[in-house]
Amino acid sequence: MYKKYLLTLGCLMGTLSAATAPAPYGTLPTEQQVNWLRMEWYAFVHFGLNTYTNREWGYGDESPQLFKPGNFDAEAIVRTFKGAGMNGMIYTAKHHDGFCTWPTLSTKHNITQSPWKGGKGDVVKEFANACQKHNFPFGTYLSPWDRNCAEYGRKGYLDVYYKQIEELLTQYGPIFEIWFDGAMGGDGYYGGARQNRNIGKADTYYNYEQVVKNIRKLQPNCIIWGAAQRGDVTWGGSEKGFVKYPLWNVRNNKWISLEGDTPINGRGWFWHPGQERNVKSPEHLMQVYMASVGRGANLILNLAPNRDGRLDAADVASLEAFGRMRTRLLAKDYALNATVKASQVRGNDARFAGSALTDGDIESYWCPEDGTTTPSAEILLPEPTTFDVIRLREQIRLGQRVEAFQVEAWVDGQWKTIVAPGTPKEVETQFNLRGGKGHTIGNQVMRWLKEPVTTDKLRLTITRAKACPCISEFSLLRMPSAEEAQNVATSNDADKPLSSQGWTYSGFAANKAPLAFDGKADTMWSIHRTPSHFVVNMQQPAMVSGISYLPRQDGKTQGMTSRYRIELSMDGSSWKTVAEGEFGNLRANPVEQYVTFAPQKARYIRFFSTAALDGVGSSVAEMKIYGRPAKN
Ligand code: FUL
């Protein structure tokens with residue numbers, strides 16, 4: 001009785017006491033870096049003159065006449081990527097050979113000189129448009145090294161290069177990532193000089209400090225790859241796709257995350273005749289995934305269109321089979337909703353309780369008191385469960401903290417170590433995948449056990465950390481075979497519109513708000529007022545990741561919402577702004593518009609129409625809210 005009383009008191013104090021959140025530790029990621037890490041994997045597309053010359057690096061003297069992809073279909077390519085569950089694509093707008101695949105004004109060596117579409121084509125635009133249409137992030141690769149340009153290695157080239165950066169970042173909508181490759185200097189055509197050119201230090205020659213500043217101005221959300229370590233992310237260290245583990249995002253006091261890169265085809269980054277013999281198997285791709293994403297990096301996987309402008313069937317088959325395996329792997333977390341008994345909870349505050357580990361919400365986290373760096377938590381499953389992959393996440397917004405962890409399973413009446421804590425010397429390189437040790441966590445780490453384990457009780461112990469750990473997820477997954485995954489439908493989670501059944505609305509002209517969610521383009525929410533807003537109460541919380549907006553379709557532009565702000569809330573009273581901006585080019589092209597943001601848990605969405613075309617008003621013909629259902 002006394003014990004029970006104490007327990008109740010404890011719980012009461014737990015809910016009443018409001019512990020302060022831990023102070024951030026060390027260098028933190030930017031919001032853009034956090035969002036980027038959550039993209040996990042996306043496609044690389046190498047496509048240009050090398051596609052026609054059977055080369056990986058063009059010399060710079062190739063004739064633009066070679067470029068004629070008769071059946072190029074950017075949308076088909078984007079659909080393939082998206083269908084496989086990829087979360088974006090990056091296209092080589094210019095590779096080292098200097099051929100610009102868009103009608104740039106910076107050099108004559110560009111697409112207008114090719115026979116494709118009578119010199120009126122623009123590959124960058126076709127990819128960018130297809131991506132926008134499918135709500136698929138688009139990025140670009142612009143080789144700093146240019147073996148065609150006569151001025152390369154001299155000051156004159158910089159004007160050319162900066163102009164190219166500016167064109168790509170101002171004419172093609174949002175660019176989620178831009179690559180500044182490290183390969184540079186050496187021999188090349190250089191306008192006919194056919195010389196060796198040495199640029200000295202790339203950082204100095206290209207003036208990356210200034211380049212980065214300019215990009216931040218043009219597209220503040222764009223992730224910068226490379227740029228002599230001045231960017232946001234950098235090379236994972238091998239073109240096989242793996243990154244080294246343990247993985248620390250902070251180096252030299254800067255947060256720079258890693259991206260593992262590899263082509264799906266063993267022949268190289270560009271398309272080569274006969275390459276169907278070299279396609280990597282879905283199982284191999286899973287190893288790549290586990291050794292990149294599974295170690296806390298992102299993965300960029302290259303698929304090269306062929307001379308026709310299409311992806312090879314063999315590459316696509318392997319991509320899709322791997323995509324199904326990945327979807328199946330992530331589809332079920334066997335620890336979801338499991339009870340958690342933590343050794344310590346910060347201020348006994350429910351906000352920092354162990355249950356955050358298994359609540360499916362990547363923002364909430366379990367955290368002990370300051371000064372406690374080796375806490376543990378028992379995870380109690382409702383029944384014996386079999387799994388072979390363990391995934392952990394840290395709340396990286398508070399900094400990367402964990403150096404080593406251990407996982408034990410209760411088997412045959414005793415604790416058995418299934419992930420042993422790593423020591424700093426045991427660095428994982430290559431693909432030594434199964435049975436790996438527990439080192440860093442970061443955004444996420446997946447450990448693939450030597451063999452499946454069956455248990456109903458586990459214990460997670462953080463064995464070394466730089467500050468009190470903030471762990472947001474503990475998941476148990478099961479690795480499928482390619483056969484098991486055969487019939488799995490893949491899709492991009494973030495891409496599913498939530499059903500509007502049962503939703504209620506408030507705000508301005510609330511009685512008309514349902515018309516924005518009725519699937520009918522010819523009915524709309526509208527009001528003679530700017531700014532204005534409506535609130536959607538979804539009744540159930542969801543991890544919300546974006547919206548789509550269809551402007552009024554009746555041919556009128558008056559009161560057409562052209563600027564927006566989106567806020568989310570769990571309780572309908574405290575709100576967080578997740579996106580604001582402009583819906584561009586509506587007058588000429590009032591097509592469906594998409595806004596995406598990092599998934600966040602919300603029950604209420606408040607949509608503000610903050611500006612309108614042609615006078616006062618606010619209107620929405622149709623809106624969809626994207627995300628996936630979440631727990632209360
Ligand atoms: C390297 C380049 O030299 C390769 O050709 C390829 O583009 C790869 C992704 O990056 O540094």
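Colleague: Is Lys108 buried or exposed?
Modeller: This is a predicted model. Read relative accessibility against the cut-off: exposed means over 50%. Lys108 comes out at 70%, so it counts as exposed.

Colleague: Where is Lys108 found?
Modeller: Lys108 belongs to the loop that runs between strand E2 (89-94) and helix H5 (123-133).

Colleague: Asn221: buried or exposed?
Modeller: Asn221 has a relative accessible area of 55%, so it is exposed. Its loop lies between helix H8 (208-218) and strand E7 (223-226). From Asn221 to Gln32 the C-alpha distance is 6.0 Å, across 189 residues of sequence.

Colleague: And Thr327, buried or exposed?
Modeller: Buried means under 20%. Thr327 has 18%, so it is buried. Thr327 is part of helix H10 (residues 313-331). Ala84 is 243 residues away from Thr327 in sequence, yet the two C-alpha atoms are 8.7 Å apart.

Colleague: Now rings. How many aromatic pairs are there by this rule?
Modeller: Ring centres must lie within 6.5 Å to pair. The count is 37 aromatic pairs. Take Phe44 and Trp179: their centres are 4.8 Å apart and their planes make an angle of 50°, which is a tilted pair.

Colleague: Which parts does the pair of Phe44 and Trp179 tie together?
Modeller: Phe44 is in strand E1 (residues 41-45) and Trp179 is in strand E4 (residues 177-180), so the pair ties together parts 135 residues apart in sequence. Phe44 and Trp179 are both buried.

Colleague: Which residues do ring pairs link into a cluster?
Modeller: Follow the pairs from ring to ring. Phe47, Tyr52, Phe67, Phe72, Tyr91, Phe99, Trp116 and Phe127 are linked into a cluster.

Colleague: What sits over the ring of Trp410?
Modeller: Look for a charged end above a ring. Over Trp410 it is that of Lys457, 4.5 Å from the ring centre. Trp248 has the charged end of Lys466 over its ring, at 4.0 Å from the centre.

Colleague: Which residues are around the ligand?
Modeller: The list is Phe44, His46, Trp57, His95, His96, Tyr141, Asp181, Ala183, Glu239, Asp261 and Trp269. Note that Phe44, from the tilted pair with Trp179, is among these residues. By class, the shell holds five nonpolar, three polar and three charged residues.

Colleague: Which residue has a polar side-chain atom 2.7 Å from an oxygen atom of the ligand?
Modeller: That is His46. Asp181 places a polar side-chain atom 2.8 Å from a ligand oxygen. For Tyr141 the distance to a ligand oxygen is 3.0 Å. The protein buries 91% of the 290 Å² that the ligand exposes when taken alone.

Colleague: Which peptide bond has omega near 5°?
Modeller: The one from Tyr245 to Pro246 is cis, with omega near 5°. Pro246 is in the loop between strand E8 (233-235) and strand E9 (250-251). The Thr530 to Pro531 bond is also cis, with omega near -5°. Pro531 is in the loop between strand E20 (525-527) and strand E21 (532-550).

Colleague: What is phi of Gln430 near?
Modeller: Phi of Gln430 is near 55°. Its loop joins strand E16 (414-419) to strand E17 (445-465). At 41% relative accessibility, Gln430 is partly exposed. Gln539 has a positive phi too, of about 70°. Gln539 is in strand E21 and is partly exposed at 33%.

Notes: Residues are numbered from 1 along each chain as its sequence is written. This is a predicted model: local features need pLDDT of at least 70, side-chain atom pairs count only at pLDDT 80 or more; totals for chains, interfaces and linings use all residues. Side-chain values use heavy atoms; hydrogens and water are left out. Rings of Phe, Tyr and Trp (its six-membered ring) pair if their centres lie within 6.5 Å; planes under 30 degrees apart count as stacked, over 60 as edge-to-face and the rest as tilted. Helices (H or I, at least four residues) and strands (E, at least two) are DSSP runs, numbered from the N terminus. Buried means under 20% relative accessible area, exposed over 50%, partly exposed in between (1.4 Å probe, protein chains only). A charge sits over a ring if NZ of Lys or CZ of Arg is within 6 Å of the ring centre and within 35 degrees of the ring normal. A residue is near a molecule or strand if one of its heavy atoms lies within 4 Å of it. A polar contact is a pair of N or O atoms within 3.5 Å; within protein, one must be able to donate a hydrogen and the other to accept it, and residues adjacent in sequence count only if both atoms are side-chain atoms. Accessible areas come from the Shrake-Rupley method with a 1.4 Å probe; for residues, only the protein chains shown count as cover. Ala, Val, Leu, Ile, Met, Phe, Trp, Tyr, Cys and Pro count as nonpolar, Asp, Glu, Lys and Arg as charged, and the others, Gly among them, as polar.
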